[in-house]
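Colleague: Could we go through this model together, starting with the ligand and then turning to the strands?

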Amino acid sequence: GLPPDWEVRHSNSKNLPYYFNQKTHESRWEPPEEADTEKLKIYMAQHHSSANTRIDGAGGEGKIRAAHLLVKHKDSRRPSSWRETNITRTKEEAIEMLKGYEEQIRSGQTTLGDLAVSESDCSSARKRGDLGFFGKGQMQKEFEDTAFTLQPGEMSGVVETASGVHLIQR
Ligand SMILES: N=C(N)NCCC[C@H](NC(=O)[C@@H]1CCC/C1=C\[C@H](COP(=O)(O)O)NC(=O)[C@@H](N)Cc1ccccc1)C(N)=O
């Protein structure tokens, strides 16, 4: 269920579900629990300086910045995105699509950012896939393990998480 005051609404322009807070009138594409985590992190950081090692596990260790291109499939933990309300492609189809994108990027025909804008099933598509800076403990394990081994500018191969399949560029 959703935290109090939150409700799911439907964006007709994007034909996608979004989350609306009746009290603050805030709306967001991601499920609000992330908002709570973010707010909790800020509260804890203000009140318990050591807390951020517990909340986001970054503990002041090195943060990195990465962009990704996510292709979801029918077995994704949330088989819906701003691109497609009900994602039905198989995981195998998603992997084949992503391998095609990987080839286009490595051959220099295009860039991950240019493809992410139109093809990524993550809301970061509107930022050319940019996820901003993040530390250990924030992303799903497979994503984090790959991202932190990349050299700056290097792009991963196909990485599988519960969200779907990703190309990651540090
Ligand atoms: N910047 C953060 N700390 N945001 C919280 C990350 C949560 C983390 N997410 C993941 O590990 C995967 C890898 C990257 C994106 C992602 C998943 C999903 C899409 O998959 P789905 O949840 O529908 O299964 N996109 C996101 O979360 C977006 N907020 C990422 C983002 C979007 C816009 C700006 C910045 C970040 C997790 N622990 O689940």
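Colleague: Which side chain has an N or O atom 2.7 Å from an oxygen atom of the ligand?
Modeller: Bear in mind that this is a predicted model. An oxygen atom of the ligand is 2.9 Å from an N or O atom in the side chain of Arg78, and a backbone N or O atom of Gln140 lies 2.8 Å from a ligand oxygen. The side chain with an N or O atom at 2.7 Å from a ligand oxygen is that of Arg77.

Colleague: How many residues surround the ligand, and how many of the shell are charged?
Modeller: The ligand is surrounded by 18 residues, and the closest are Lys72, Arg77, Gln138, Gln140 and Ser163. By class, the shell has five nonpolar and seven polar residues, while the number of charged ones is six.

Colleague: Which residue in the turn between β1 and β2 has a positive phi?
Modeller: Strands β1 (residues 6-11) and β2 run antiparallel and are joined by six bridges, with His10 standing opposite Pro17 in β2. The two strands form a hairpin with four residues between them, and the turn residue with a positive phi, of about 50 degrees, is Asn15.

Colleague: Is β2 mostly covered or mostly open, and how many of its residues are buried?
Modeller: On its other pairing, β2 is joined by two antiparallel bridges to β3 (residues 27-28), where the bridge partner of Tyr19 is Arg28. These two strands also form a hairpin, with five residues between them and a positive phi of about 65 degrees at His25 in the turn. Strand β2 (residues 16-21) is mostly covered, and the number of its six residues that are buried is five.

Colleague: Which residue of β7 stands opposite Ala67?
Modeller: Within that sheet, β4 (residues 64-71) and β7 (residues 164-169) pair in the antiparallel sense over five bridges. The residue of β7 that stands opposite Ala67 is Gln169.

Technical notes. Residues numbered from 1 in each chain as written. Predicted model: local features only at pLDDT ≥ 70, side-chain atom pairs only at ≥ 80, totals over all residues. Heavy atoms only, no water. Near = heavy atom within 4 Å. Polar contact = N/O pair within 3.5 Å; in protein donor to acceptor, adjacent residues only side chain to side chain. Nonpolar A, V, L, I, M, F, W, Y, C, P; charged D, E, K, R; others polar. Buried < 20%, exposed > 50% of the residue type's maximum accessible area, 1.4 Å probe, protein only. Pairing = 2+ DSSP bridges.
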